[in-house]
Structures are given as structure tokens and as C-alpha cells.
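Welcome! Please take a moment to look over the sequence and the 3D view below before reading on.

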Amino acid sequence: MNLVLNILWFVFGGFISGTLWMLAGLLLLLTVVGAPWAFAAFRIGRFSYAPFGRQAVKRTPDDLGTGCMGTLLNLVWLVLGGWYLAIQHILIGVGLCMTLIGIPFGLQHLKLAIISLAPVGTEIVRT
């Protein structure tokens, strides 16, 4: 079932969403300062291509990008760009949840909204 949902997701917007996240990551890599956020954008982009059957979890506290440094990076991300990306995913998700067929896709947009708020220190795992 996850395969069918991922194919539908990819065809009806996942390709665009994932590609935009990847382009954002490339733009962030052009500035050396944006590298931590670039790698987070790449993770979100891969997740955005096929979100069904995957889940975002926080990495272990000893890992790079977690702890005080991860919190600081996430705060900068939230102020500079995360909040409007999250609002976009929330609006699309709520709109999709208003239809019976769109509920699974709306829930995936809500997951992407949560990740958009604090992407540094997040890992995508299979469920």
C-alpha cells in the first residue's frame, strides 16, 4: 500500500515538493554558512519524494546537529525560513484533509510541516 501511495504522492506533487527542497539545499550549499541547513534540506527533500512508510525521528543526543548547536541552528532556521514553509504545508494539508481521498496526503503534509520547523538533528527512518 505504501508503494501505491508513494507513487500517487510523487505524481501529484511530491516530485515538485522534493525537487524544490533539493534546489533549496543546493542554494544553501553555495554559501558555506548554509551547509548545516543544506544537508537538512536534502533529508527533507528525499523524504518529500516518498513519505509513506517513513517517519522523522530525532537523532541521538551525542550526534552532530543535536544538543545546543542543533537547537541554535533550528532557531535560526525557524526565524529565517521554517515558519513560512510550515504554514504552507499546514494549509495544503488542511485543504487535502477536507476530502476523504486526500486525508493520507494531508497527513503527510502535516508531517512535513513539523519537520520544516526544526530540520537540523532529524533523521528519516523506515517504519
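## About the model

This is a predicted model, in which local features need pLDDT of at least 70 and side-chain atom pairs count only at pLDDT 80 or more, while totals for chains, interfaces and linings use all residues. Residues are numbered from 1 along each chain as its sequence is written, and side-chain values use heavy atoms, with hydrogens and water left out.

## The chain as a whole

Let's begin with the overall layout. The protein chain has four helices and two strands, and from the N terminus on they follow the order α-α-β-α-α-β. Here helices (H or I, at least four residues) and strands (E, at least two) are DSSP runs, numbered from the N terminus. The radius of gyration of the protein chain is 14 Å, close to the 14 Å that the globule rule gives for 127 residues, so the chain is as compact as a globular protein of that length. That radius is taken over C-alpha atoms, and the rule is 2.2 Å times the number of residues to the power 0.38.

Along the principal axes, the C-alpha atoms of the protein chain fill a box of roughly 40 × 25 × 20 Å. Of the 127 residues, 40% count as buried; buried means under 20% relative accessible area, exposed over 50%, and partly exposed in between (1.4 Å probe, protein chains only). The chain exposes about 7600 Å², with carbon and sulfur atoms supplying 79% of it. These areas come from the Shrake-Rupley method with a 1.4 Å probe; for residues, only the protein chains shown count as cover. Among contacts (heavy atoms within 4.5 Å) between residues at least 6 apart in sequence, 74% join residues at least 24 apart.

## How the helices pack

Two packed helices are described by the angle between their axes and the distance between the axes. The axes of helix α3 (residues 67–97) and α4 come within 7 Å and cross at roughly 170°. That makes α3 roughly antiparallel to α4. The residues of this contact divide into 16 nonpolar, seven polar and no charged. For the axes, lines are fitted to C-alpha atoms, for helices over the stretch in contact, and angles run from 0 to 180 degrees between N-to-C directions. Angles under 35 degrees count as roughly parallel, over 145 as roughly antiparallel, 65 to 115 as roughly perpendicular and the rest as oblique. Ala, Val, Leu, Ile, Met, Phe, Trp, Tyr, Cys and Pro count as nonpolar, Asp, Glu, Lys and Arg as charged, and the others, Gly among them, as polar.

Helix α1 (residues 2–30) and α3 have axes that come within 14 Å and cross at roughly 170°. This makes α1 roughly antiparallel to α3. Ser 17, Trp 21 and Leu 28 in α1 meet Trp 77, Leu 85 and His 89 in α3, and the residues of this contact divide into four nonpolar, two polar and no charged.

His 89 counts as buried at 2% relative accessibility. Leaving aside neighbours within four places in sequence, His 89 is in contact with Ser 17, Trp 21, His 109, Leu 112, Ala 113 and Ser 116. Leu 107 lies in helix α4 (residues 103–117) and is partly exposed, with a relative accessible area of 46%.

Thr 122 belongs to strand β2 (residues 122–126) and is buried, with a relative accessible area of 7%. Not counting residues up to four places away in sequence, Thr 122 touches Arg 43, Ala 56, Val 57, Lys 58 and Arg 59.
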